[in-house]
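The sequence and structure are shown first.

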Amino acid sequence: MAYGNLRDGDAVVTSHGFIFYIFGYDHPEDGYNAFLKYVPEEHAVLFDLNLLDIRWQYRGTVLLRPKELYSPRGYPKLIESFHRAFPDYLHFSGQLDRWMITVPRKLIEEAHLPSRQLMRLRRRGAGDRLEAEALKLIRLLTETSSVPSGFFGVHGSISLRMHHEGSDIDISVYGAAYFRRVKQALTELEEEGVLTLKRESRFDRKRLNRGIFEGVDFVVNATRRFSEIQRRRQVYRSLGIIEMMCSCKSTEEAVFRPAIYRVEGCTPVGGHDPRVGGISEVVAMVGLYRDVVRPGESMRVRGMLEEVLERVGPRRLRVVVGSASPGEYLDWVGS
């Protein structure tokens with residue numbers, strides 16, 4: 001079966017038993033860029049990975065999960081492992097000028113879309129406490145935010161029906177505007193004592209999208225609606241690692257993955273680099289850096305400087321945080 005129009009966060013099960021999560025919205029014609037989430041136990045010895053001690057069951061297959069889903073140290077090792085054992089899952093992207101983990105459409109046997117999985121869960125009803133809490137929380141968010149129920153989805157182990165004790169509720173909201181309304185609803189529900197938002201880290205305090213509802217951890221993230229996906233064909237040329245300070249101009253697309261921050265007034269850190277003045281955006285591939293900087297705030301960034309080439313339009317420069325190069329980060333001035 002051919003699977004088209006998959007989006008960031010959709011889960012796919014392949015003919016080899018791997019479970020991947022689709023990453024982003026820009027993909028080659030015959031496959032999807034993705035990250036590996038679960039490995040069948042029988043294949044685990046073929047991968048140079050640090051694995052969690054927990055075992056999952058999916059339709060009779062025992063699955064293991066990497067401790068780190070994406071890191072500058074782990075990603076190259078994962079590329080090497082796929083090269084040795086399963087080269088069909090690799091694609092050299094001329095667009096990005098690097099090897100990518102890419103799931104060929106022909107190897108996809110199942111696709112689990114959060115919106116569709118939530119509809120199925122509603123139809124059949126909750127089978128356990130976690131599913132019941134997920135439905136209850138989404139219903140409260142729908143009522144409080146006035147976001148239509150069709151713009152919600154369930155990610156993670158609930159979507160795959162392989163959750164266990166200790167699993168969390170992973171919710172998707174489709175559309176930037178709807179996501180912002182849901183975030184406001186989270187704050188209102190906390191004020192009413194319905195839930196508690198996590199504030200242990202600077203990132204949690206800034207995003208306010210993680211919390212505890214009736215003793216269960218939850219997280220809420222944004223997914224692009226199809227109308228928010230741009231189909232421009234671009235080519236990126238790497239120009240080397242750069243570190244800089246800049247001012248955040250716009251965050252309209254910073255709630256998604258990858259998170260895109262429009263920036264201005266960039267200056268180099270620790271030297272002189274005339275290219276810095278031409279940088280117009282920071283693209284964070286790492287989910288940790290979603291939605292953490294506000295317009296007008298100062299950002300400090302270390303990442304890969306890339307030239308963006310399009311068929312129409314002027315040359316642009318961007319900095320990518322999460323290119324798998326060591327030492328990359330994104331931070332902001334303030335608490």
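## The largest cavity

Phe 179, Lys 183, Arg 207, Asn 209, Asn 221, Val 255, Arg 290 and Asp 291 line the largest cavity. A cavity is a set of points, on a 1 Å grid over the protein atoms alone, where a 1.4 Å probe fits but cannot get out, and lining residues have an atom within 4 Å of a point. The lining comprises two nonpolar, two polar and four charged residues; here Asp, Glu, Lys and Arg count as charged, Ala, Val, Leu, Ile, Met, Phe, Trp, Tyr, Cys and Pro as nonpolar, and the others, Gly among them, as polar.

The largest cavity holds about 40 Å³ of space, and the structure has one cavity of 30 Å³ or more. Volume is the space filled by probe spheres set on the points, which are joined across faces, edges and corners.

## Basis of the model

The model is predicted: local features need pLDDT of at least 70 and side-chain atom pairs pLDDT 80 or more, while totals for chains, interfaces and linings use all residues. Residues are numbered from 1 along each chain as its sequence is written, and side-chain values use heavy atoms, without hydrogens and water.

An open sheet of mixed pairing contains five strands in the order β9-β10-β13-β12-β11. Its edge strands, β9 (152–154) and β11 (196–197), each pair on one side only. Strands (E, at least two residues) and helices (H or I, at least four) are DSSP runs numbered from the N terminus, and two strands pair if DSSP finds at least two bridges between them. Three antiparallel bridges join β9 to β10 (residues 169–174).

Terms used:
On a 1 Å grid over the protein atoms alone, a cavity is a set of points where a 1.4 Å probe fits but cannot get out, and a pocket is an open set with protein on both sides within 12 Å along at least five of seven lines; lining residues have an atom within 4 Å of a point.
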